[in-house]
Amino acid sequence: MVVWYEDDEFWRTSVGWMLRDRVDAAAKEVEGLVALLGIDSPARVLDLGCGIGRHSLELARRGFVVTGVDRTRDYLEEARSAAESERLTVEFVEGDMRTFRRPGAFDVAINLLTSFGYFEDIEDDRRVVRNVYESLGDGGAFLLDMMGKEVLARIFVPREWREKDGEMWLFERTVTDAWSWMENRWINIKGDERKEFRLAHRLYSATELKGLLEQCGFGSVEVYGGLDGAPYDHQATRLVVVGRK
């Protein structure tokens, strides 16, 4: 049985609302992470879980040397096409974050929009972080952005639906394993066609994610409530952690 994150049909079906509808937000998000990390072009950036290249392309527009890695071939083809149309130079690599590693090749690595924690075995998460650590040069930084456990507990909605342009998504969420795991049931309805997907991912608190990076070698780890550098407090909207090598 194919696990959900290796199901190409899931990624093809969900690309619209998850990624294409967010393209316009990429410029502001990149502006925030560049300021937060204190980096200047032409720094070498690894966009791990790059999807259709929203952030890779925006970083390339700003003069950064970018490598985007993703396991979904359709997404990479769309990203390459967009780069070619703008005459941007971006390296897009089809690969698994559990195995991708280039020792000392990057100044910065980013992993955005909860593209982390998909694997049932937490050792796989450690493997990803260790790969990133080894892929960074001395003084390099790794930025992770996700929906933190504390934020999710505050805004949790077990069921919701979204509708746009005649397409409907129904979402059902269940928290399990003492708030360490979330099971999701997503139903897509478009015309007479109905598709259902089951997906799951690990939930991290700020302390847990900070500890994971420290265990994997990062000497300094900072925690924020968004890419704008806001504090991670009761008003935080995201969990953003920056580990420095």
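**Figure 1. Buried residues of helix α3 in the predicted model.** In α3, the buried residues are Arg-54, His-55, Ser-56, Leu-57, Glu-58, Leu-59 and Ala-60. The structure shown is a predicted model. Helix α3 spans residues 54–61 and is mostly covered, with seven of its eight residues buried. Just after α3, Gly-63 adopts a positive phi of about 95°.

Figure 2. Which elements cover the buried residues of α3? Among the helices, the cover includes α2 (26–37) and α4 (73–85). Strands also contribute, including β1 (44–48), β2 (65–70), β3 (90–94) and β4 (106–111).

Figure 3. Strand β8 comprises residues 181–190 and strand β9 residues 193–202. The two strands run antiparallel and are joined by ten bridges. Across this pairing, Trp-186 stands opposite Phe-197 of β9. Two residues lie between the strands of the hairpin, where Gly-191 takes a positive phi near 65°.

Figure 4. His-201 belongs to strand β9. Is the residue His-201 buried or exposed? With a relative accessible area of 15%, His-201 is buried, because the cut-off for a buried residue is under 20%. Apart from neighbours within four places in sequence, His-201 is in contact with Gly-117 and Tyr-118, and also with Ser-180, Trp-181, Met-182 and Asn-184.

**Figure 5. The chain as the setting of the close-up views.** The chain contains seven helices and eleven strands. Its radius of gyration is 18 Å, close to the 18 Å that the globule rule gives for 245 residues, so the chain is as compact as a globular protein of that length. Taken along the principal axes, the box filled by the C-alpha atoms of the chain is roughly 50 × 45 × 35 Å. Of the 245 residues in the chain, 50% are buried. Among contacts in the chain with a separation of 6 or more, 62% are accounted for by residues 24 or more positions apart.

**Figure 6. Surface and charges of the chain.** The chain exposes about 12,000 Å², of which carbon and sulfur atoms supply 48%. The chain carries 34 positive and 45 negative charges. The mean positions of these positive and negative charges are 1 Å apart.

Terms used:
Residues numbered from 1 in each chain as written. Predicted model: local features only at pLDDT ≥ 70, side-chain atom pairs only at ≥ 80, totals over all residues. Heavy atoms only, no water. Helix = DSSP H or I, 4+ residues; strand = E, 2+ residues; numbered from the N terminus. Rg over C-alpha atoms; globule rule 2.2 N^0.38 Å. Buried < 20%, exposed > 50% of the residue type's maximum accessible area, 1.4 Å probe, protein only. Contact = heavy atoms within 4.5 Å. Areas by Shrake-Rupley, 256 points an atom, 1.4 Å probe, with all protein chains shown as cover. Lys, Arg positive; Asp, Glu negative; His and termini not counted. Charge placed at Lys NZ, Arg CZ, Asp CG, Glu CD. Pairing = 2+ DSSP bridges.
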